[in-house]
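A short report follows it.

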Amino acid sequence: MADEGSTAGGRPWADVPRELADHMRPHLDEVADDMMQEIQTRVREYDRPGDGSYSGTLRLAVERVLHYFVERVADPGHDPAPVTDFFRAIGRGEAGEGRSLDAMQTAVRVGGMVAWRRIAEGADTLHASARMLGAVGEVLMQFQDELTAAAAEGYSQARAAVAGEMQRRRERLLDLLLADPPAAPGAVADLAAAAHWPVPRTVAAVALGGPRPDAAPRPAFPPDVLAGLTRRTPSLVVPDPDGPGRAAIVDRALSGTLAVIGPTVPVVEAARSSRWARETLRLVQRGVIDAGGGVVRSVEHISTLILFRDERLVAALAGLRLAPLAHLRPGQQDRLAETLLAWLQSGRNANEVAMRLHVHPQTVRYRLRQLEELFGDRLLDPDLRFDLEIVLRARTLLAGCAGHRVAAPSPAGAGAGEVVGSDRGREGRTL
């Protein structure tokens, strides 16, 4: 029997008698006719009445395969490159036409069946032994495998090239959408058409951080999502994010990844959505905004984004408004600042402050008297209370950042540019 690990020039081709080639050559036109008829009968895709060019191409393929097969029988070391290159080109052509390889593979099997039938019919003339017929059957199957493998290789190469070019177009489209200033709508429409991306009414940009610890593999993004994972901040553009069921689909695709979704905007404002998403992501990574184990949406943290848009301004305001606390010990500053914020947020109700802070009401009243002594009648000024709530909210958010501490204001006041401190064992820093 033939060696399964044989090369093209070895067994089972070597077990086929050379005289078979001489027997087949005079009948190649007849065999080609039979193959054409059988293929067009069994494979509907190849039966195209009136299409002379297509029939001519099919005839060329059949004849090329038959002639190569005969030459290979005559010389087992015959170079297979011409016919395999031909079938790679067929595979590329099928991919280019958007067809599968099913019809081509069926045609190859039908052609092999016809060849085997014609050889079996001439077995008596050849005085063929069972060993010889077995070798012929094996080389026919091996030959079919070589042809279909070459076609599959060409098909894969073409598909990969098309997919790569389409991905490059989509990445350029993403860059165009996120450009600041925005690109002209006409340029976006032209590139979107080339990238096969229907231009939606609205979009939302997504800024991606790293994967979450112990996260499951991320599902694939929906096909209409533009992805730029090699950007400085890996980014996505999601079309029609507020459409039915879209939020759940996007959340599912982003599970396991630190992701921030910017606001929904018209297509021409995608850069603004991306800017909000990136700013929110930075605050999430600092610990200012809690990701909460899921996808973060910028629109739910607008006040925090405003507050941290210019931290130096907030620091300067803190140094000015919290100056009365500057001479206190850090622990006292922390307790009084916490009490003052709770008092402002609870409508200046001491009992509610006590419930918020989980301390006795009498303790709250004692602290409030201290604050009145420090701030005096200024606590009656609504503008001052508004400023105090801004800086105390900033202090609370920063105090929650892992590894960070907000330093106390110095007696110099506004010039110090610092926010009231926390005594929770964190290193000092300015806002």
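The model is a predicted one. Its largest nonpolar core holds 46 residues, of which Ile39, Tyr46, Val62, Phe69, Phe87 and Phe143 touch the most other members. Two or more residues of this core come from each of the helices α1 (19-24), α2 (28-42), α3 (52-74), α4 (81-96), α5 and α7 (130-177). Helix α7 provides the largest share, eleven residues.

**Aromatic rings**

How many aromatic pairs does a search of the whole structure find? The search finds three. Two of the pairs are set out in the table.

| Pair | Distance between ring centres | Angle between planes | Arrangement |
|---|---|---|---|
| Phe69 and Phe143 | 5.5 Å | 40° | tilted |
| Phe86 and Phe87 | 5.9 Å | 80° | edge-to-face |

The arrangement follows from the angle between the planes. Planes under 30 degrees apart count as stacked and those over 60 as edge-to-face, with the rest counted as tilted. The planes of Phe69 and Phe143 stand at 40°, so this pair is tilted. The planes of Phe86 and Phe87 stand at 80°, and this pair is therefore edge-to-face.

Where do Phe69 and Phe143 lie? Phe69 belongs to helix α3 and Phe143 to helix α7, so their pair ties together parts that are 74 residues apart in sequence. Ring pairs also join Tyr68 to these two residues, forming a cluster of Tyr68, Phe69 and Phe143. Apart from neighbours within four places in sequence, Phe69 is in contact with Trp13, Met24, Val139, Leu140 and Phe143.

Arg64 is placed over the face of Phe86, at 4.3 Å from the ring centre. Arg272 is placed over the face of Trp276, at 5.8 Å from the ring centre.

**Helix α5**

Helix α5 consists of 20 residues, 102-121. At 1.5 Å a residue, the helix should span 28 Å, and its end C-alpha atoms are 29 Å apart, which agrees. Its buried residues include Ala103, Met104, Val110, Gly111, Gly112 and Ile119.

Notes
Residues numbered from 1 in each chain as written. Predicted model: local features only at pLDDT ≥ 70, side-chain atom pairs only at ≥ 80, totals over all residues. Heavy atoms only, no water. Helix = DSSP H or I, 4+ residues; strand = E, 2+ residues; numbered from the N terminus. Expected span 1.5 Å × (residues − 1). Buried < 20%, exposed > 50% of the residue type's maximum accessible area, 1.4 Å probe, protein only. Core = buried A, V, L, I, M, F, W, Y, C linked by side-chain atoms within 4.5 Å. Contact = heavy atoms within 4.5 Å. Phe/Tyr/Trp six-rings, centres within 6.5 Å; stacked < 30°, edge-to-face > 60°. Lys NZ or Arg CZ within 6 Å of the ring centre and 35° of its normal.
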